[in-house]
Amino acid sequence: MDEKAVGKCRIIIEKYKAPNMETVKRLGLKPYEVVEETLPWELEDVFLNQGIDAIWTLVCGGSETPFNNSNAHICVGDGTTAEDASQTGPQGTNYTYLPMDDGYPQYGSGQKAVFKATADGDTANHGWQEFLVANGSNTSAKHINRKVIDKGTKPSGETWTIQIELSLS
């Protein structure tokens, strides 16, 4: 019997023509574009070795920085190098680590973890082509995953939100 774990990497980006979420909420703005990708993948295509090791360390009660609201970040960058499990962070020249929005990450049901972050009008104004979840705010953090898919270039003055759902079944 040849059974494989099944996983999904779902990426949702909402794009607003406003400098920050306060303006979006105050004016009741709707996103001018919503980009959603649900990508089936083999575990080795998205999960990074260092992220897998960090997850198992946490599961088994070892000492590791958790991927919680205080530590977790979504990294968006302009790297186009194909995913490889041995990578340890973003591969592009321009990248930004975005802290979690309030209430994220969400986990404990649905066989998934949901990470969400916001880039205001002055933040992450570069290509959004690679997407990672890390337990810190720089390249020395442990990264769970890396997915490459071009979602455009964020211009100055716009606010973009990004949500990454990683699931296993």
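This is a short tour of the structure, one selection at a time.

The model is predicted, so local features are described only at pLDDT of at least 70 and side-chain atom pairs only at pLDDT 80 or more, while totals for chains, interfaces and linings use all residues. Residue numbers start from 1 along each chain as its sequence is written, and side-chain values use heavy atoms, with hydrogens and water left out.

**Stop 1: the main core**

Select F115, W128, F131, I162 and I164. Within the largest nonpolar core, which has 28 residues, these five touch the most other members. A nonpolar core is a set of buried Ala, Val, Leu, Ile, Met, Phe, Trp, Tyr and Cys residues joined through side-chain atoms within 4.5 Å. Buried means under 20% relative accessible area, exposed means over 50%, and partly exposed is in between (1.4 Å probe, protein chains only).

Now colour the strands. Strand 1 (7-16), strand 3, strand 6 (112-119), strand 7 and strand 9 (159-168) each give at least two residues to this core. Strand 6 supplies the largest share, five residues. Helices (H or I, at least four residues) and strands (E, at least two) are DSSP runs, numbered from the N terminus. In soluble globular proteins, nonpolar side chains tend to be buried together.

Zoom in on F115. Leaving out neighbours within four places in sequence, its contacts include F67, M100, Y104, P105, I162 and L166. Contact means heavy atoms within 4.5 Å.

A second, separate core has six residues, among them C75, L132, A134 and A141.

**Stop 2: the cysteines**

Stay with C75. Is C75 buried or exposed? C75 is buried, at 0% relative accessibility. Next, select C60. C60 counts as exposed because its relative accessibility is 66%.

A disulfide is a covalent bond between the sulfur atoms of two cysteines. Here the test is a pair of cysteine sulfur atoms within 2.5 Å. How many disulfides does this rule give? The count is zero. For C75, the closest cysteine sulfur is in C9, 14 Å away, so that pair is too far apart for a bond.

**Stop 3: G77**

Move along strand 3 (residues 73-77) to G77. G77 is buried, at 0% relative accessibility. Beyond residues up to four places away in sequence, G77 touches N94, Y95, H126, G127, W128, Q129 and E130. G77 and F131 are 54 residues apart along the chain, yet their C-alpha atoms are separated by 6.7 Å.

**Stop 4: N135**

Select N135, in the loop between strand 7 (130-134) and strand 8 (147-148). N135 counts as buried because its relative accessible area is 6%.

Show its polar contacts. A polar contact is a pair of N or O atoms within 3.5 Å; within protein, one must be able to donate a hydrogen and the other to accept it, and residues adjacent in sequence count only if both atoms are side-chain atoms. The side chains of N135 and E64 make one of 3.4 Å. A polar atom of the N135 side chain also lies 2.9 Å from the backbone oxygen of T65.

**Stop 5: backbone exceptions**

Most residues other than glycine have a negative phi, and most peptide bonds are trans.

- P105 lies in the loop between strand 4 (95-99) and strand 5 (106-109).
- Q111: phi is positive, about 55 degrees, and Q111 is not a glycine. Q111 sits in the loop between strand 5 and strand 6. At 57% relative accessibility, Q111 is exposed.
- A124: phi is positive too, near 60 degrees. A124 is in the loop between strand 6 and strand 7. A124 is buried, with a relative accessible area of 6%. Its contacts, not counting residues up to four places away in sequence, are V76, T96, A119 and K154.

**Stop 6: the largest pocket**

Finish with F47, I55, V59, A113 and I144. Of the 22 residues lining the largest pocket, these lie nearest its centre. On a 1 Å grid over the protein atoms alone, a pocket is an open set of points where a 1.4 Å probe fits, with protein on both sides within 12 Å along at least five of seven lines; lining residues have an atom within 4 Å of a point.

The pocket holds about 640 Å³ of space. That volume is the space filled by probe spheres set on the points, which are joined across faces, edges and corners. Which element gives the largest share of the lining? Helix 3 does, with five residues.
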